[in-house]
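Visitor: Hello! I have a protein model open and would like to learn how to read it. Could you walk me through it?

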Amino acid sequence: MESLDALTSLVAGGGVVVLSGAGLSTESGIPDYRGPSGVARRHTPMTYQAFTRDPVARRRYWARSHLGWRLIAGAAPNVGHRAVAGLQRAGLVDAVITQNVDGLHGAAGSTSVIELHGRLDEVTCLDCGNLTSREELDRRLREANPDFTARVAAVNPDGDVDLPDEQVEAFRTVDCGICGTGMVKPDVVFFGETVPAQRVARCFEAVERARSLLVLGSSLTVMSGRRFVIRAAKQGIPVAIVNQGPTRGDGYASVCVDAPLGAVLPELAARVSGSAATVGGLPAAR
Ligand SMILES: [Zn+2]
């Protein structure tokens, strides 16, 4: 495939910054609500405003998320995450910016990961600001809801699941375990919420230092991720996109590969290590 050749030579040049989205985690069993499968498209993600202002919406979120969390917590990195970690170990990838909140890049062994939208395995208190583990919150939620059982119909990338109203009404939420009264929220950026400015600045710095920007599994629908593609293009940094289906960044990209990541990334990793071996080993001096 011609585009795969172009992708290989770009990545073999090193200095790559990866920008990953939900499409990279679908093969770990976490559905992409904007991806081609469209499994969870009927689902509207929780907004920050509804979460903080509407107690009913908040209870619905925690009830669903209480179930969805099991699936997210049980998810393992797939061949795509492992290929990225391998390219990083080979010295070709400098940093990973991810829109995913599942922690799977780190679990696959990637370092220098900027989690743009936070992490689902951490919980923040909106009053005292303390961060605690989701595991601890999960334990407390199970204690508060000993009889809560429901069949999980579907799980969405934000750890939410579909659940009937009567199950939601019976669910008991808990407050912050540290200050005792604060409202807790998963430490992820909800829709309607802005990414912390410092985190965005770190991403822009990484992108501006990059030799190329490699987008993996994101349709770049939201500006939160697309802005890095636009910045790279403006700076003359080549952009490559691997995604199933068209993206809103295709116009900025010099290489677009429309294929499943689970097939492309291991092939890319193999080709890059092959081409590097023929020119005398990894990584190329930079
Ligand atoms: Zn608190």
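Guide: Gladly! Keep in mind that this is a predicted model. Let us begin with the metal site: in sequence, the donor residues of the zinc ion follow the spacing C-x2-C-x47-C-x2-C.

Visitor: Which residues coordinate the zinc ion?

Guide: The zinc ion is held by the SG atoms of Cys 125, Cys 128, Cys 176 and Cys 179, at 2.3 to 2.4 Å. Cys 128 sits in the loop between β4 (118-125) and β5 (131-133), while Cys 179 sits in the loop between α7 (165-169) and β6 (184-188), so this pair ties together parts that lie 51 residues apart in sequence.

Visitor: Why is the arrangement of the four donor atoms called tetrahedral?

Guide: Look at the angles between donors. Four donors count as tetrahedral if all angles lie between 85 and 135 degrees. Around this zinc ion the angles are 102 to 118°, and therefore the arrangement is tetrahedral.

Visitor: How does Cys 128 count in terms of accessibility, and what is the value?

Guide: Buried means under 20% relative accessible area and exposed means over 50%, with partly exposed in between. Cys 128 has 33% relative accessibility, so Cys 128 counts as partly exposed. Cys 179, at 34%, is partly exposed too.

Visitor: Now the strands. In what order do the three strands of the open sheet come?

Guide: First the general idea: strands of a sheet pair through backbone hydrogen bonds, either parallel or antiparallel. Here the order is β5-β4-β6, with antiparallel pairing. β5 and β6 are at the edges with a single partner strand each, so one side of each has no neighbour in the sheet. From one strand to the next, the twist averages 45°. Between β4 and β5 there are three bridges, and Thr 124 has Leu 131 in β5 as its bridge partner.

Visitor: What about parallel pairing: which strands does β8 pair with in that sense?

Guide: β8 pairs in parallel with β7 (residues 212-216) over four bridges, and with β9 (residues 255-257) over three bridges. To find your place, look for Val 215 with its partner Ile 241 in β8, then for Ala 240 opposite Val 255 in β9. Follow the chain as well: β7, helix α9 (residues 223-234) and β8 form a right-handed β-α-β unit.

Visitor: Are the residues of strand β8 buried or exposed?

Guide: They are all buried. In β8 (residues 239-242), Val 239 and Ile 241 point one way, and Ala 240 and Val 242 point the other way.

Visitor: And how do I read a helix?

Guide: An α-helix has 3.6 residues a turn, so residues three or four places apart point the same way. Just after α4, Gly 91 has a positive phi of about 85°.

Visitor: Where should I look for a positive phi in a residue other than glycine?

Guide: Most residues other than glycine have a negative phi. Ser 112 has a positive phi near 50°, and Ser 112 lies in the loop between α5 (104-107) and β3 (113-115). Leu 220 has a positive phi as well, of about 55°, and is found in the loop between β7 and α9. Ser 112 is partly exposed, with a relative accessible area of 46%, whereas Leu 220 is buried at 1%.

Note on methods: Residues numbered from 1 in each chain as written. Predicted model: local features only at pLDDT ≥ 70, side-chain atom pairs only at ≥ 80, totals over all residues. Heavy atoms only, no water. Donors = N, O, S within 2.8 Å, 3.2 Å for Na, K, Ca; no water. Tetrahedral: all angles 85-135°; square planar, octahedral: opposite > 155°, others 65-115°. Helix = DSSP H or I, 4+ residues; strand = E, 2+ residues; numbered from the N terminus. Buried < 20%, exposed > 50% of the residue type's maximum accessible area, 1.4 Å probe, protein only. Pairing = 2+ DSSP bridges. Axes fitted to C-alpha atoms, helices over the stretch in contact; angles between N-to-C directions. Right-handed = clockwise from strand over helix to strand, strands pointing away.
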